[in-house]
Amino acid sequence: MKYKILVKDTNESFLCDEEKSILESMAKLGRKGIPLGCRGGGCGVCKVEVISGKFSIKPMSSAHITDADLQCNRVLACRISPESDMGVKVIGKMKMVFPAYEK
C-alpha cells in the first residue's frame with residue numbers, strides 16, 4: 001500500500017510504499033526537501049519530526065536520536081516507513097539547502 005507524505009518545509013508531497021523508507025521514496029521520485037546523507041541511519045542528516053500519521057521504525061543510532069527525540073516523534077527519515085498518510089517537518093542540519101522541487 002502507498003501513502004501520501006507531506007514535507008511541511010517545502011509543501012511538497014509524494015507517495016511512499018509501506019515497504020520503503022520515506023527518504024528512499026522521496027529520493028527515487030526526484031523530490032527535494034529532506035536532506036540526503038548516508039541513507040542508513042549513521043549520519044543523522046535526515047532528521048525529521050513526524051507531525052501527523054503512523055509509521056514503523058527501524059533501529060537508529062542513539063548518537064543522533066535520543067529517547068527524548070523518540071518521545072517527540074523526532075526520527076531519521078531513512079529509518080521509518082509509513083503506516084498511514086504522514087506529515088513531516090525537517091529538523092536536520094542542512095534543511096535550508098534544499099529548495100522545493102519544481103516540475
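Helices (H or I, at least four residues) and strands (E, at least two) are DSSP runs, numbered from the N terminus. This is a predicted model, in which local features need pLDDT of at least 70 and side-chain atom pairs count only at pLDDT 80 or more, while totals for chains, interfaces and linings use all residues. Residues are numbered from 1 along each chain as its sequence is written, and side-chain values use heavy atoms, with hydrogens and water left out.

**Whole chain**

Start with the protein chain in cartoon view. Its secondary structure comes to two helices and seven strands, and along the sequence these follow the pattern β-β-α-β-β-α-β-β-β. Of the 103 residues, 40% count as buried; buried means under 20% relative accessible area, exposed over 50%, and partly exposed in between (1.4 Å probe, protein chains only). Switch to a surface: the accessible area is about 5,800 Å², and carbon and sulfur atoms hold 49% of that. Accessible areas come from the Shrake-Rupley method with a 1.4 Å probe, and for residues only the protein chains shown count as cover. Contact means heavy atoms within 4.5 Å. Among contacts in the chain with a separation of 6 or more, 60% are between residues 24 or more positions apart.

**The sheet**

Next select β1, β2, β3, β5 and β7. They form an open sheet of five strands in the order β2-β1-β7-β3-β5, with mixed pairing. Two strands pair if DSSP finds at least two bridges between them. β2 and β5 are the edge strands; each has a single partner strand, so one side of each lacks a neighbour in the sheet. On average, neighbouring strands here are turned by 40° against each other, direction ignored. For such angles, axes are lines fitted to C-alpha atoms (for helices over the stretch in contact), and angles run from 0 to 180 degrees between N-to-C directions.

Strands of a sheet pair through backbone hydrogen bonds, either parallel or antiparallel. Both kinds can be inspected at β7. Strand β3 (residues 47-52) and strand β7 (residues 86-90) run antiparallel and are joined by four bridges. Show Ser 52 opposite Gly 87, then Val 48 opposite Val 90. With β1, β7 runs parallel, through three bridges; here Val 7 has Val 88 as its bridge partner.

Centre on Met 86. Not counting residues up to four places away in sequence, its contacts include Ile 5, Leu 6, Ile 22, Val 50, Phe 55 and Ile 80.

**Glu 49**

Move to Glu 49 in strand β3, which is partly exposed at 27% relative accessibility. Beyond four places in sequence, it is in contact with Cys 72, Asn 73, Arg 74, Gly 87, Val 88, Lys 89 and Ile 91.

**Ser 21 and the cysteines**

Select Ser 21, in the loop between β2 and α1. Ser 21 is buried at 11% relative accessible area. Leaving aside neighbours within four places, it contacts Cys 16, Ala 77, Cys 78, Ile 80 and Ser 81. Cys 16 has a relative accessible area of 0%, and Cys 78 is buried at 7%.

How many disulfides does a search of the whole structure find? It finds zero, a disulfide being a pair of cysteine sulfur atoms within 2.5 Å. For Cys 78, the nearest cysteine sulfur is that of Cys 46, 3.6 Å away.

**Two asparagines**

Most residues other than glycine have a negative phi. Asn 11 has a phi near 60° and lies in the loop between β1 (2-7) and β2 (12-17); at 60% relative accessibility it is exposed. Asn 73 has a phi of about 60°, in the loop between α2 (67-71) and β5 (74-76), and is partly exposed at 31%.
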